[in-house]
Amino acid sequence: MSSSNLLSPLPADTDVTLDGSVSTAPTTPDGSLGFSPVTDDFSGNSTVRARLNGRPLSTTLFDTTTRTPPVRNICCVGAGYVGGPTSAVIALHNPHIRVTVVDKDPKRIRRWNSEHPPIYEPGLNDILRIARDGAKECSFPSEPTKSPLGGSEVNSDISTSSSDCDSQCEGHRSETTTIGARPPNLFFTTEVAKCISEADIVLIAVNTPTKYRGNGAGSATDMTAFEAVTAVVAQHARPGATIVEKSTVPCRTAQFVQDTLALHRPNVHFEVLSNPEFLAAGTAIKDLLNADRILIGSNATPTGQRASAALASVYESWIPRERIITTNVFSSELAKLVANSMLAQRISSINSIAAVCEATGADVDEVAKAIGADPRIGSKFLKAGIGFGGSCFKKDVLSLAYLAESLRLPEVAEYWRGVIMMNEFARDRFSARVVRCLNNTLVGKKLTVLGYAFKKDTNDTRESPAVEIIRILAEEGPREIAIYDPCCVPIQMEEEISRFLGPDMLRSNGGPVVVYADAYEACNAADALLITTEFDEFKTSTISTTADPVPSPSVVQAKAGPADPRPFKSLEPTESDFLALHAYMVKSSTNTTLALPEKDPFNRFNPMPDCSEDCPDCQLQKLTGVAGYGASQGHISKGRLDWRKIHYHMRKPHWLFDGRRVVDISTMEKLGFRVESVGRQGR
Ligand SMILES: NC(=O)c1ccc[n+]([C@@H]2O[C@H](COP(=O)([O-])OP(=O)(O)OC[C@H]3O[C@@H](n4cnc5c(N)ncnc54)[C@H](O)[C@@H]3O)[C@@H](O)[C@H]2O)c1
Ligand SMILES: O=c1ccn([C@@H]2O[C@H](COP(=O)(O)OP(=O)(O)O[C@H]3O[C@H](CO)[C@@H](O)[C@H](O)[C@H]3O)[C@@H](O)[C@H]2O)c(=O)[nH]1
């Protein structure tokens, strides 16, 4: 494909062939194939044939000798948790590529084009300010300065240094580093078809939840959004474009995509790749910037390999080549489901052992430490608790189980369903323990649930075990179920509880649930406290019955924030180097008069676009009067709870049920709490 075609996109309805001439290939009208990638054709034949035009998935009609064309334009369909941050990082590290994120939801797109994006992830805003808004040239000392705390001080040094001497002089070159200006290369829009038609690579990153009705309900993947996007891509993608599955999809979905393309555009060549995402909520930017692996599945044909190499080149802008794993397309699809299923399985495994510990006197944390020291097992993902939540683990384990059932492998399906069963067992065992300890009646009692999000440092509540625990406790008729979460916004929690558990659950409608913005008010006069999310705020505070131990150097460093990343590894700093320095400067700055988004120690950022009238973050700020309260600022720790104060204002006998193993049991018992902990024998 000639580069001039790549740079000057044609209208959405114009087809251009690889050699640049206009194609006569027809574009079919809207339509759906009604395909189920899981239940369709599982004959197990190694040569898979495209059913619609008889062409094998890997067949090419094209000259395979030409070099991989450079990628100049990427379109990501789906501006959600995955599409937004992934595209932002791709754009940050590839300033020569135009990255456009498209979504059918205009409200979501408006928010991406504003000061308050629809999701909060630490570090995301700084990346948007560079890639979406364009950035100014800036310079800074190449070595750490003596006064790391003086953000503005260093800033003034920079301007003196860059304006007072010739940038080519010897002294300047060794003391000052300059990072160039860049125009915006990240865009958010609802013009789905147009942007697809302009792209060399189309990433599909739409939601693929569990089906909630019909065949396979509660287990199979709901491919509605993915199928709809595939049809649009098939009609509008430019010939020769590479279509990438970024969504988590059932194994063999690539065949469906290829079939759809062939149906709509026979005789036009497209490559289909699988490139699943492994980021976790709350650490998305860190995970993307330092990905331990990038997985790309492709056809084994020369064109498949070329497409894979082109996508790999995008990641190679910041990920070392050796971390990019290439496989066949179905292996890649399956690997994503297996990665999540194995992580979920580890949690269920340790939670099954927690039940054994509770019955025997062994301690699950001690067992986890002992087994985790074996490098063949490893120590991660062995924290026992009330079970995993989140939008991915349950749905992906169920999708794998459904796949196995579709392949007539009921034993495999049953094995993986056991992971979900154990997860529910962990959660329900905890609620049952609370009720049992409280004399099997909650009538007239106040219980306080600490933590509503599915994991710490996020306000994401999808599939949070706390929700089901609240439902079970409410059935026992307590006087009050108080809820406090350091990260979630109370009015949003109330809205969710009303939606998931019914409006009658709320105190305002006569129910037992009251949501608090203050932990101490939530715990006041409580009969029992339940820790349901592993927030650091809930850990035993240093205000204890014993003197504080001398903190270790690593603890001192952790409190001080990130270290100065200078001098950088390479002479030409990367955008990641800049962000690391920026984070260090902002964290070290003592200037608290600046609102967080305005903190710009190097004067690199342009003004951010305004929010629209319907921005929920702005509305929330107006309502609460607190700037930065809510998702836009993310989680700003309020510090650890003062457990002594909480104990003083609670009712006897001071029950504390630790569902996440976060408190120090002996300290809490010395304070007077009656502690019941997951994975430890109770009274
Ligand atoms: N959330 C995570 O942490 C995570 C991590 C790894 C992988 N995944 C996978 O990535 C995929 C996306 O997940 P997500 O969390 O980003 O979902 P999401 O719900 O946050 O975002 C999906 C977006 O797609 C848009 N969309 C749906 N249909 C569309 C259409 N026809 N045209 C244009 N836009 C459309 C929606 O409006 C929405 O904004 C899923 O398959 C998920 O399993 C998610
Ligand atoms: O030892 C542990 C570790 C985690 N959890 C719980 O497990 C859940 C999931 O945690 P985590 O994996 O950190 O968060 P997710 O954002 O759900 O990320 C998972 O799901 C994503 C979506 O597919 C993947 O991309 C990530 O790699 C995968 O970690 C949370 O409820 C945690 O409390 C435990 O109970 N014990």
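Reader: Where is L382 found, and why is L382 called buried?

Author: L382 is found in the loop between α13 and α14, where helices are DSSP runs of H or I with at least four residues, strands are runs of E with at least two, and both are numbered from the N terminus. A residue is buried if 20 or more other C-beta atoms lie within 10 Å of its own, exposed if 12 or fewer, and partly exposed in between, with C-beta atoms placed from the backbone. L382 has 20 C-beta neighbours inside 10 Å, and therefore L382 counts as buried.

Reader: Which residues does L382 touch?

Author: Not counting residues up to four places away in sequence, L382 touches R346, I350, A368 and G372; two residues are in contact if their C-beta atoms, placed from the backbone, lie within 7 Å.

Reader: How should I read the numbering, and what kind of model is this?

Author: This is a predicted model, in which local features need pLDDT of at least 70 and side-chain atom pairs count only at pLDDT 80 or more, while totals for chains, interfaces and linings use all residues. Residues are numbered from 1 along each chain as its sequence is written, and chains are lettered from A and ligands numbered from 1 in the order in which they are written.

Reader: What makes K336 buried, and where is K336 found?

Author: K336 is found in helix α12, and K336 is buried because 25 other C-beta atoms lie within 10 Å. Leaving out residues up to four places away in sequence, K336 touches T248 and P276.

Reader: Which residue does UniProt list for "active site", and why is that residue called buried?

Author: The unreviewed UniProt entry lists C392, which is found in the loop between α13 (364-372) and α14 (393-406). C392 has 23 other C-beta atoms within 10 Å, and so C392 is buried.

Reader: How many residues surround ligand 2, and what makes a residue count as near?

Author: A residue is near a molecule if its C-beta atom, placed from the backbone, lies within 6 Å of it. 21 residues surround ligand 2, and the closest are A280, K383, F388, G390 and C392. Helix α12 (residues 329-360) gives the most to this shell, with three residues.

Reader: How do the residues of the shell around ligand 2 divide?

Author: They divide into 12 nonpolar, five polar and four charged, where Ala, Val, Leu, Ile, Met, Phe, Trp, Tyr, Cys and Pro count as nonpolar, Asp, Glu, Lys and Arg as charged, and the others, Gly among them, as polar.

Reader: Where is M422, and why does M422 count as buried?

Author: M422 has its place in helix α15 (residues 410-437), and M422 counts as buried because 20 C-beta neighbours lie inside 10 Å. Leaving aside neighbours within four places in sequence, M422 is in contact with S348, N351 and S352.

Methods:
UniProt positions are given in the numbering used here, feature names are shortened, and annotations may be inferred rather than shown by experiment.
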